[in-house]
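Look at the sequence and the model below before reading on. The paragraphs that follow go through the structure one part at a time.

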Amino acid sequence: MELGHIIAFNLTLLAAMASPGPALLLALKTTLTSGRMAGIVTGLGLGTMAATWTALALLGLEGVFRLFPWAYTLLKTGGALYLIYIALMMWKEAARPLPPSSVTPPKLRRAFFTGLAVNLANPKSVIFASAVLLVIFPQGLGLTDKAAILLNHLLIEWALYTLFAIALSTPAARTAYLRLKPLLDRLAGLILSALALRLLIAK
């Protein structure tokens, strides 16, 4: 494995993270509604699960899904239903005013596990990770190389979501969100619902 392989992987990862999806929407909403620390902790959960999918891809979980398609279908269906639940909650609470931005430790724990759950809800991530790993990295990677790829992925995810939360936690960003909250929350709910339906019908 060479440095160029890691650079190519990171560029692909950054492009994937920047595309609108459940993870980015969750990080955005959590930061604007619950404050910087909650946004950072949510990002830690999102990044941890995303890196876990990469670890599972490195261990060959895609092959398990191909051998046992019912396991993939079960995970995919459960994940889609969870995304629909989040979308419904967003729509329901769109018109409600925001609570104070201070966040207690129990809510921070909940933010982390919500981040984990949202990225757990998309088992297609392991297929994506497998494809990226196959295209970018040479075959026959050793344990040290695999550990380096995993650590690199985890640090990139954590760093990007932390920077994202810091950038969005300014008073100006919160004020702008408050002004458009009903529209943005319902739009986010619709996007999450569409992603969930796509997950349900995609093969």
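**A walk through the helices**

Arginine 198 lies in helix 9, which covers residues 171-201. Helices here are DSSP runs of H or I with at least four residues, strands are runs of E with at least two, and both are numbered from the N terminus. With a relative accessibility of 62%, arginine 198 counts as exposed. The terms work as follows: buried means under 20% relative accessible area, exposed means over 50%, and partly exposed lies in between, using a 1.4 Å probe and protein chains only. Arginine 198 is 118 residues from alanine 80 in sequence, and their C-alpha atoms are 8.5 Å apart in space.

The model is a predicted one, in which local features need pLDDT of at least 70 and side-chain atom pairs count only at pLDDT 80 or more, while totals for chains, interfaces and linings use all residues. Residues are numbered from 1 along each chain as its sequence is written, and side-chain values use heavy atoms, with hydrogens and water left out. The pLDDT is the predictor's confidence in each residue, from 0 to 100. Its average over the chain is 79, and 89% of the residues score at least 70. Confidence is lowest in helix 4 (residues 61-67), with a mean of 70, and highest in helix 8 (residues 143-168), with 91.

What does the chain as a whole contain? There are nine helices and zero strands. The chain has 203 residues, and 40% of them count as buried. A contact means heavy atoms within 4.5 Å. Among contacts between residues at least 6 apart in sequence, 91% join residues at least 24 apart. Threonine 77 belongs to helix 5 (residues 69-92), and its relative accessible area of 30% makes it partly exposed.

Next come the helix lengths. The expected span of a helix is 1.5 Å times one less than its number of residues. Helix 2 (residues 22-34) has 13 residues and reaches 17 Å between its first and last C-alpha, close to the expected 18 Å. Its buried residues include Leu25, Leu26 and Leu32. Just after helix 2, glycine 35 has a positive phi of about 105 degrees.

Helix 3 (residues 36-58) has 23 residues and should span 33 Å, which agrees with the 33 Å between its end C-alpha atoms. Because 17 of its 23 residues are buried, helix 3 is largely enclosed by the rest of the structure. Glycine 60 follows helix 3 and has a positive phi, near 90 degrees.

Helix 8 has 26 residues and should span 38 Å; its end C-alpha atoms are 38 Å apart, so the two values agree. Among its buried residues are Ile149, Leu154, Glu157 and Tyr161.

Finally, the surface. The accessible surface of the chain is about 11200 Å², and 73% of it belongs to carbon and sulfur atoms. Such areas come from the Shrake-Rupley method with a 1.4 Å probe; for residues, only the protein chains shown count as cover. Leu3, Ile7, Leu11, Leu14 and Leu160 make a nonpolar surface patch of about 460 Å². Four residues of this patch, the largest share, come from helix 1 (residues 3-18). An α-helix has 3.6 residues a turn, so residues three or four places apart point the same way. Isoleucine 7 is in helix 1, and at 43% relative accessibility it counts as partly exposed. A patch is made of residues with over 30% relative accessible area and no salt bridge, with like charges joined within 9 Å and nonpolar side chains (Val, Leu, Ile, Met, Phe, Trp, Tyr) within 5 Å. A salt bridge is a side-chain nitrogen of Lys or Arg within 4 Å of a carboxyl oxygen of Asp or Glu.
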